[in-house]
Amino acid sequence: MTRSFAIKSFGCQMNVYDAERMSEALQAEGMTESGGESGEAADVLILNTCHIREKAAEKLYHEIGRISARAREAGHKPVIAVTGCVAQAEGAEIIRRAGAVDLVVGPQAYHRLPRLLAEQAAGAKALVDLDMPALPKFDTLPARRRRGPSAFLTVQEGCDKFCAFCVVPYTRGAEASRGLDAIVEEARQLVDGGAREITLLGQNVNAWADGNKGFGQLVEAIAALPGVERIRYTTSHPRDVTEAMIRAHADIPQLMPYLHLPVQSGSDRVLAAMNRKHDRAFYFGLIDRFRAMRPDLAITSDFIVGFPGETEEDFADTLSLVEQVGYAQAFSFKYSPRLGTPAAERDDQIDEDVKSERLHRLQALLQEQSLAFNRRSVGQSCDILIERRGRQPGQWIGKSPWLQSVVVTDPTLSVGDLVRAELVSAGPNSLEGRLLTMKTAA
Ligand code: 5AD
Ligand code: SF4
């Protein structure tokens, strides 16, 4: 009998990508994926975890407890595999604390999941694989399968920046880039499988390099592939921005006018304490250069409030930076100490109440800016890539070039269509579009 599996993935887009590739690897072994509600009843349950913020390990143990209780009720014990960044950070400790877990596999070792599951089925117990080099897995994973119109493609992994708050350099390892040819080949497979938009992923995606080729040339190579209509990328580090990358926004029509460039804080004092390797003026300088190349660029960022030692004055600097840049969207978080990172050791941690209050003020400002950004789009016509059905009959949801969610109502559309629409109204999280013409059908 074929074994079934389900993957529950948490966290960033890189985890979404990893989950897709794990799924493909298991399907290549003849296993079947059971999604949604039926996931609970699968023979193998994979928890693809995220370690970036807030008590990730506690949440994982809670989730395992819940799954085990349900399994006992149903009289069915699934094989439980923990993958992702909590697996890398906690290792065998997971099996010691949660006896229901059978396998712990780090983010650089998941290509061996089929073999580990076979060993487990043959009686091996408590298997832990935390092997670190990032790149070998890509050579052994099976070809990409058919996916939706928008596909993720990991081109770079890991981080050498060591921001004082961040676990990524420890869980994902050192910066490593995949080779250009392998990436182009994977993009080709994705396009053959129906993708029209490709989002290049990496913890420091713009640090990508292959010999003397840099990120700008990677974008060029992907754009040269027939069938690639949209290119996006995330996440960029200010220190790795190059002139070629900025130019690409003017020269490559497929490159969408969207830039996620986390700044984390607007205070030079905090940026230095965070070990961000850039200050406020450097960041503003980059924003100006990008905007000179592409004035309509949607700029987004990540922010952390309440980093150890952050004063009210430092926080005011963050608010003033936000005012000066004008963001289309942003993610903002309360600082959360991560074991093993330098900032967690500091004795000037900020009170939870102060963090919450600052987060609240920052989010109010960011929300205002998202709404203003979306309202400025009203009246414009643009291309929308239809990604899924909306809630009402005949409703479809797609993305504008600026990554806004746009609702279009027309019974004749389908997923993967690229349509021309006029943006007619806007809220902070989505817009409404009026269909003008079908550009190209899926
Ligand atoms: N606490 C809060 N936010 C964090 N991030 C990373 N580490 C932490 C932490 N310890 C945020 C940063 C990063 C985003 C992915 O998560 O803003 O850019
Ligand atoms: Fe973490 Fe900083 Fe590296 Fe981003 S650049 S992954 S925040 S250490």
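These are my notebook entries on what I looked up in this structure, which is a predicted model.

**Entry 1: around the ligand**

I started with ligand 1 and asked which residues sit around it. My list reads I52, R53, F165, Q264, D302, I304, F333, K334, Y335, S336 and R338. Sorted by class, that shell has five nonpolar, two polar and four charged residues.

**Entry 2: polar contacts of the ligand**

Next I looked for N and O atoms facing ligand 1. In the side chain of Q264, an N or O atom is 2.6 Å from an oxygen atom of the ligand. D302 also puts a polar side-chain atom 2.6 Å from a ligand oxygen. With S336 I had to look at the backbone instead: a polar backbone atom there is 2.8 Å from a nitrogen atom of ligand 1. How much of ligand 1 does the protein cover? On its own the ligand has 400 Å² of accessible area, and the protein covers 88% of that.

**Entry 3: the sheet of six strands**

Then I moved on to an open sheet with six strands. I wrote down its order as β2-β1-β3-β4-β5-β6, and the pairing is parallel. Which strands are at the edges? They are β2 (32–33) and β6 (127–129), and each of them pairs on one side only. I zoomed in on one pair inside the sheet: β4 (residues 79–84) and β5 (residues 101–105) run parallel and share four bridges. To have one bridge to point at, I picked A81, whose partner in β5 is L103.

**Entry 4: helices on that sheet**

Helix α2 (residues 56–74) lies across β1 (4–9), β3 (44–49), β4 and β5. Its direction makes an angle of about 165° with β3. Helix α5 (residues 113–121) lies across β3, β4, β5 and β6, and I noted about 155° for its angle to β5.

**Entry 5: the sheet of three strands**

Another open sheet has three strands, in the order β7-β10-β13, and its pairing is parallel. Its edge strands are β7 (150–154) and β13 (230–234), each pairing on one side only. On average, neighbouring strands in this sheet are turned by 25° against each other, ignoring direction. How many bridges hold β10 (residues 197–201) and β13 in their parallel pairing? I got five bridges. One to look up is L200, which has Y233 as its bridge partner in β13. I also found helix α1 (residues 13–28) lying across β7, β10 and β13, with an angle of about 95° to β7.

**Entry 6: antiparallel pairs**

Last, I followed β20 and its partners. Strand β17 (residues 381–389) pairs with β20 (residues 418–426) in the antiparallel sense, over five bridges.

Notes. Residues are numbered from 1 along each chain as its sequence is written. Chains are lettered from A and ligands numbered from 1 in the order in which they are written. This is a predicted model: local features need pLDDT of at least 70, side-chain atom pairs count only at pLDDT 80 or more; totals for chains, interfaces and linings use all residues. Side-chain values use heavy atoms; hydrogens and water are left out. A residue is near a molecule or strand if one of its heavy atoms lies within 4 Å of it. A polar contact is a pair of N or O atoms within 3.5 Å; within protein, one must be able to donate a hydrogen and the other to accept it, and residues adjacent in sequence count only if both atoms are side-chain atoms. Accessible areas come from the Shrake-Rupley method with a 1.4 Å probe; for residues, only the protein chains shown count as cover. Ala, Val, Leu, Ile, Met, Phe, Trp, Tyr, Cys and Pro count as nonpolar, Asp, Glu, Lys and Arg as charged, and the others, Gly among them, as polar. Two strands pair if DSSP finds at least two bridges between them. Helices (H or I, at least four residues) and strands (E, at least two) are DSSP runs, numbered from the N terminus. Contact means heavy atoms within 4.5 Å. Axes are lines fitted to C-alpha atoms, for helices over the stretch in contact, and angles run from 0 to 180 degrees between N-to-C directions.
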